[in-house]
Amino acid sequence: MATQAEIDKLYEKLDREAEAGGYHLNPDIEFAKDLAAGLLTNEERYGYQACPCRRASGIKEEDLDIICPCDYRDPDLNQYEACYCALYVSGRIKRGESQAHTIPERRPPKEVRDKMKEEQEKKAKEGKGLSILPLPVWRCKVCGYLCAREEPPEVCPICKATKERFERFI
Amino acid sequence: MIEWKHIEGKNKGKVRLYALSTCVWCKKTKKLLDQLGVAYDHLDIDLLSDAESDKIEAEEVKKWNPKLNYPTMVVNDSKAIVGYSEDEVKKLLG
């Protein structure tokens, strides 16, 4: 179990990084800290900060899309003004002009995810079009940041997601 | 052996809450049921072994909510409420 000091520390780090990147944490501090505690519990349990509101498999490769911030945060922020667990919210919710509520699960079921991954890999292998580019283009699956270089960066400079969260885009 | 946690209260029929111990929306749902004083049974899926939670999801949760997200509340084996919905819970159990 994480101590209150550890929870506070993670909350402050998440808040700082969110604001620096144009994101916002839930203004209900108790709610946000409860989620931070859940992230620490999952880190202890699985070795990574899986979304506290989803059942993680415990196999990192299968859970990459739900490591916080998850691959679904940004589309959920656009559509519902909050991510699935509501750790991240829109500016309107942050300012108290709207409220976060439960939203539908955007993450596809495992069978669909496996199929999508297979197709993505097939497409990348075929390497259709734009093959004259001197470098591959990598896309951060969390925030959409693009960069052209031999390999993705160790950490996304925009949202701090780790290298394994990048996909070959072009 | 899967052990459900029973919470005493007013009998509003069979109320089962499938939840995750780390999920804040699940906690809010438990709190709401406690406030309403309803008797219910609850299970934290993430505290079970992998084999147990796979079994519960395949045999029970999937029937009501194929997306397998939490909280999933099943009332009287006839209606499921997915996610935290104060209005729906109050309408059904308040």
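Student: Which residues is A:Val137 in contact with, leaving aside its neighbours within four places in sequence?

Tutor: In this predicted model, A:Val137 is in contact with A:Leu146, A:Ala148, A:Phe169 and A:Ile170. Two residues count as in contact if their C-beta atoms lie within 7 Å.

Student: Where is A:Val137 found?

Tutor: A:Val137 is found in strand β3 of chain A, residues 137–140.

Student: Why is A:Val137 called partly exposed?

Tutor: Let's set the value against the cut-offs. A residue is buried with 20 or more other C-beta atoms within 10 Å, exposed with 12 or fewer, and partly exposed in between. A:Val137 has 13 C-beta neighbours inside 10 Å, so it counts as partly exposed.

Student: How far apart are A:Val137 and A:Glu151 in sequence and in space?

Tutor: They are 14 residues apart in sequence and 8.7 Å apart in space, going from C-alpha to C-alpha.

Student: What is the strand order in the open sheet of three strands in chain A?

Tutor: The order is β4-β3-β5, and the pairing is antiparallel. The twist averages 30° from one strand to the next.

Student: What makes β4 and β5 of chain A edge strands?

Tutor: β4 (146–148) and β5 (166–168) of chain A each pair on one side only.

Student: Over to chain B. What does its open sheet look like?

Tutor: Five strands, in the order β1-β3-β2-β4-β5 of chain B, with mixed pairing. At the edges are β1 (5–7) and β5 (79–82) of chain B, each pairing on one side only. Neighbouring strands of this sheet are turned by 20° against each other on average, direction ignored.

Student: What packs on this sheet?

Tutor: Helix α1 of chain B (residues 24–36), which touches β2 (15–19), β3 and β4 (72–75) of chain B. The helix direction makes about 155° with that of β2(B).

Student: How many bridges join β1(B) to β3(B)?

Tutor: Three, and the two strands run antiparallel. One of the residues involved is B:Ile7, whose bridge partner in β3(B) is B:Tyr40.

Student: What makes B:Leu68 buried?

Tutor: The cut-off for buried is 20 or more other C-beta atoms within 10 Å. B:Leu68 has 21, so it is buried. B:Leu68 sits in the loop between α2 and β4 of chain B, and its phi is near 55°, a positive value in a residue other than glycine.

Student: Which peptide bonds are cis?

Tutor: Among them is the bond that joins A:Cys68 and A:Pro69, with omega about -5°. A:Pro69 lies in the loop between α3 (60–63) and α4 (73–80) of chain A. The bond from B:Tyr70 to B:Pro71 is cis too, with omega near 0°. B:Pro71 is in the loop between α2 and β4 of chain B.

Student: What about the largest nonpolar core: which residues have the most contacts inside it?

Tutor: A:Ala36, A:Cys83, A:Cys85, A:Leu87 and B:Ala19, in a core of 55 residues. Helix α2 of chain A (residues 29–46) gives the largest share, six residues. Apart from this core lies another, of eight residues, including A:Cys143 and A:Phe166.

Student: How many residues of each chain are in contact with the other?

Tutor: 13 residues of chain B are in contact with 14 of chain A. On the chain B side they divide into seven nonpolar, four polar and two charged.

Student: How confident is the predictor in chain A?

Tutor: The mean pLDDT of chain A is 93, and 97% of its residues reach 70 or more.

Technical notes: Residues are numbered from 1 along each chain as its sequence is written. Chains are lettered from A and ligands numbered from 1 in the order in which they are written. This is a predicted model: local features need pLDDT of at least 70, side-chain atom pairs count only at pLDDT 80 or more; totals for chains, interfaces and linings use all residues. A nonpolar core is a set of buried Ala, Val, Leu, Ile, Met, Phe, Trp, Tyr and Cys residues joined through C-beta atoms within 7 Å. Helices (H or I, at least four residues) and strands (E, at least two) are DSSP runs, numbered from the N terminus. pLDDT is the predictor's confidence in each residue, from 0 to 100. Ala, Val, Leu, Ile, Met, Phe, Trp, Tyr, Cys and Pro count as nonpolar, Asp, Glu, Lys and Arg as charged, and the others, Gly among them, as polar. Two strands pair if DSSP finds at least two bridges between them. Axes are lines fitted to C-alpha atoms, for helices over the stretch in contact, and angles run from 0 to 180 degrees between N-to-C directions.
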